Amino acid sequence: MTIQRMDNVLIVVDDLDAVIAFFIELGMELEGKAPVEGRWVERVIGIDDVRQDIAMLRTPDGHGRIELAMFHTPKAISAEPKDAPANTLGIRRIMFAVDDIEDVVARLRTHGAELVGELAQYEDSYRLCYVRGPEGIIVGLAEQLS
C-alpha cells in the first residue's frame with residue numbers, strides 16, 4: 001500500500017479566527033492552535049523566514065481534518081482572482097455530508113457565507129449546494145435523502 005489515509009487539507013488564510021469560527025459553526029472541532037516557525041518548517045515548505053499560526057480542525061467522526069495557516073512572514077500571496085468560479089484550475093471546494101442542509105446554510109450565513117449557486121436536488125438521492133465562506137473558501141454541502 002502506498003498511503004494509509006488522507007491526513008488533512010491545508011487552507012492558507014488571512015483571518016485565522018474568522019475561518020476557525022466558520023468551520024466550528026459547520027460542526028468541526030478545533031484540535032489545537034499554535035505558532036509555527038523555525039528551520040524545520042522552512043525546509044519542509046521551501047520558504048525562508050517562515051512565521052505562521054496554524055489551527056487543526058477535525059470532523060466529528062475523527063477521520064477528516066483541515067489545517068488552517070496564517071502567515072505572518074512572509075505574507076501570503078493570492079494566486080487567483082478573489083471569488084474564483086468553480087471552473088478555475090486547482091482545488092475548488094471541500095464537500096461535507098450534513099443532516100439538515102437548510103439549517104447548516106442558515107448557521108453559516110451568520111458567518112458571512114453566501115450560496116454560490118442555489119440549493120438543488122439530484123434525483124431522489126441528495127440535496128446539494130456550494131457555500132462561499134470567509135476569504136472565498138468554497139464548501140460543498142450534501143444532504144442524503146434516502
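The model is predicted: local features need pLDDT of at least 70, side-chain atom pairs count only at pLDDT 80 or more, and totals for chains, interfaces and linings use all residues. Residues are numbered from 1 along each chain as its sequence is written, and side-chain values use heavy atoms, with hydrogens and water left out.

**View A. Elements of domain 1 that touch domain 2.** Strand S1 (9-12) and helix H1 (16-26) each give two or more residues to this side (DSSP runs: helices, H or I, at least four residues; strands, E, at least two). H1 gives the most, with 7 residues. By class, this side has 12 nonpolar, 1 polar and 3 charged residues.

**View B. Salt bridge of Glu25 and Arg107.** The two side chains meet at 3.1 Å, N to O (criterion: a side-chain nitrogen of Lys or Arg within 4 Å of a carboxyl oxygen of Asp or Glu). The interface of domain 1 and domain 2 holds 1 salt bridge by this rule.

**View C. Area buried between domain 1 and domain 2.** The two domains bury about 1200 Å² between them, 78% of it on carbon and sulfur atoms (accessible area, 1.4 Å probe, that two parts lose on being put together, summed over both). Phe22, Glu25 and Leu26 supply 59% of the area that domain 1 buries against domain 2, more than any other three residues.

Key:
Nonpolar A, V, L, I, M, F, W, Y, C, P; charged D, E, K, R; others polar.
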